[in-house]
Amino acid sequence: MANVLSSIITDDEHRDFADFMYGLFAGEGNFFLRNDVWLRWRQWCREHEKTSEVMERSRTAEFLKKINELLVIDNLVLIMHRPGRGEIRIYRMDSNCEYMQEISINRYLDYKDAHILGNRPSANRDTLEIDFMPFYDYSPSVRTIQNVGNGISFLNKHLSSTMFQKADEWGDKLFEFIRLHKINGQQLLVNNAILRSRKDCLEALDKTIRLLSSKDPETLYAQLERDMKLNGFEPGWGYSAARIQETMELLQALFYEPRSETLDEFISRVPMISKVAILSPHGWFGQEKVLGKPDTGGQVIYILDQVRALEKYLLEEFALAGIDVEPRIIVVTRLIPNAGDTTCNQPTEDILGTDHAYILRIPFYDDDGNVVQDWISRFKIWRYLDRFAADCENELLAELKGRPDLIVGNYSDGNLVASLLSDRMGVIQCTIAHALEKTKYLFSDLFWQNMEADYHFSCQYTADLISMNKSDFIITSTYQEIAGTDERMGQYESYQYYTMPGLYQVVNGINLFSPKFNVVPPGVDEATYFPFHRHEKRAESRIRHWEKRLFHDDTPDIYGYLDDPEKPPVFTMARLDRIKNITGLVEAFGVEPELRKHANLIVAAGTIHADQSQDVEEKSEIEKMYRLIEQYGLAGSIRWLPSVAKQETGEVYRIIADKGGMFVQPALFEAFGLTVLEAMQCGLPTFGPIFGGPSEIIINRKSGYLMNTSKPEMMAGDILDFLKNCGQDETHWTAVSEAGIRRVQERFTWIRYSDKLIRLTKLYGFWRFAESEEGMIRMDRYCDLFYHLLLKPRASRVN
């Protein structure tokens, strides 16, 4: 194969490139990520007195910047190079650094397996290879990486173009599609006994549109019902003459001259969705006294807010359609008998702020048929999910008196259960990952066997592959969840190619260019989260309570005191686990004494008592908190409270804002960042990690601040700079506060979210009916093999 080295670097740079690579051979370690390579290159340049031009902008530098991972194995360097989002090239270079060739993904994975398993690459030919790409032949692909995540727009254009090219065939399909719809046994849109063909429908449309145009536009459906039914039309077209006429003209236009905008608008008006099942098995799913418990945080808030917004949206949609229907939304989670002071042992629980939504809790059963009594970590619930899915199916059929119209999965476990239910019940499935663990735990695929006892990633990553490929559509909160940034691989992108040595190799794990991907960011509950200066909406008694609790109270559940409570507070709130990195922020306060002169630190996380935690990782973080506080002498500068109930968090943010403080989300990686949105909406200047979703929420140094959370001293520097700027310019704090509020109100609302989710469900339902069902069945059967032959046996051994 050709030597590609000369096409990558110039002859003048070859010596520098070779010397740098020699250093990797001679140094410690075999595996390097992008940041490792880049930091070593910069250090090498300084040691060799290279110019900034060489360090930053040479061909060598440009190549090294885009290395995703680098492996030094025996006498070879193996490079996974990522020239752009969604692009991967693999290079192999000898120890002389004279010859570099491009190799296949399969060969690269063989090398990785051989290194971990201690054999030759050629010995890995019996390894199971997983390749989903051939099963995407039923689906068109988005052409450019920039358009990934806007699947609904692409699919609209694809479907309308196909309808135009095959007018008669697709006209018939569209007519058959609208004949299907019933709600609670009531036929909608067309009377199948009267309108038997597209031709019948077109004639009736023309006749009815002429009738409607002669009526007062405000005439209600009840006054039009008799004439509509005589013409073969059932309820669902609209509540008034004007609305009905608009909807019928959209359908008429689709039959004669299909366009993407017309298809989107017509399909969005069809009242197809009234029953929704939302799956979230793990953690403590409840409305009070659960936040901050292990495995319980933003996902619970997201789902509860999502449900309230969906119910409101569906009620408005049914009113516009002119039908009297009550939506049903059920959140299905696990029942935990030993639930402490939570409601997680109650089989059902109405969701506050709704009339037609509730939580349905179903227990886990052990192999002997006994109900599992205690909370179980999300990493160890895999053995229970197969029966849980079967029980969910029976309960949902009973509760809804039939199938749901949409099943929404959440996180790896909920998405797996949603996939099983969707398959069995023939229902549209939406996947929401929230956070895929693979990018959070470095090299967790390669060294999976070392982590299996605690994390069981062999089950989780296999479940992820199954659900993301079976799903009708996938919602992400940000673009980078799918395809990353120029510097960082996306969460879904990381599933394209990887190996779990001794288990399987993934040579094509997901098609990033599938139109199933859609970016739909959530909003915030505006009743709970509103700007701090809206004094008329705030209760004085609640303000006094939380001011005392945050800054002064001395109670057994609070640790620490403040020497000077009037200093601006730096506030953080999250679960106590390693990825949320609360201890990293505490250490930032420790390593920078100047920061403590300007501000106090207030932490709301978990519990201060390690013996009250059932989670190993949380216990470790609690113990680390105490060590750091003692090590750096933080007494008098820090307060540590237990997690705050969701309904109280808005007032807590506002009180911190009253004091001229800020909110810091110090996570090492944050898939989205609901707390970032909430704090910004309350007018609190907000800091979030550059790693993950906050970089798509915050406009850096305008509506908030993005910081590198990997090193405490870097966090400390960013926070201190802001405090000093506020001291020098008294308008600075207010400018950031107001910009944050505007940013949330312009881009992140639950109204937009609900509209997009329901539109997606309807369009992908039409696509499945008209074009993709046969291809999806092949994909489903391929996934079923992995479930029954690989995942299910492994899950049965999880303890």
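Is E651 buried or exposed? In this predicted model, E651 is buried, with a relative accessible area of 2%. Its salt-bridge partner is R654, and the structure holds 53 salt bridges. The points below treat selected pairs, a network and a surface patch.

**Salt bridges within a helix**
- R654 and E651 form a salt bridge in which the closest N and O atoms are 3.3 Å apart.
- Both residues belong to helix α23 (residues 646–658), where R654 and E651 are 3 residues apart, about one turn of the helix.
- R654 is likewise buried, because its relative accessible area of 2% falls under 20%.
- In helix α8 (residues 167–179), K173 and E169 are 4 residues apart, about one helical turn, and their side chains meet in a salt bridge at 3.4 Å, N to O.
- K173 is partly exposed at 24% relative accessible area, and E169 is partly exposed at 41%.

**A salt bridge between distant parts of the chain**
- K762 forms a salt bridge with E317, with 2.5 Å between the closest N and O atoms.
- This pair links helix α28 (residues 750–795), which holds K762, to helix α13 (residues 298–321), which holds E317; the two residues are 445 residues apart.
- K762 is buried with a relative accessible area of 0%, and E317 is buried with 7%.

**Nonpolar surface patch**
- L220, Y239 and L320 make a nonpolar surface patch of about 260 Å².
- L220 lies in the loop between α9 (198–213) and α10 (221–230) and counts as partly exposed, at 46% relative accessibility.

Note on methods
Residues numbered from 1 in each chain as written. Predicted model: local features only at pLDDT ≥ 70, side-chain atom pairs only at ≥ 80, totals over all residues. Heavy atoms only, no water. Patch = residues over 30% accessible without salt bridge, like charges linked within 9 Å, V, L, I, M, F, W, Y side chains within 5 Å. Areas by Shrake-Rupley, 256 points an atom, 1.4 Å probe, with all protein chains shown as cover. Salt bridge = Lys/Arg side-chain N within 4 Å of Asp/Glu carboxyl O. Buried < 20%, exposed > 50% of the residue type's maximum accessible area, 1.4 Å probe, protein only.
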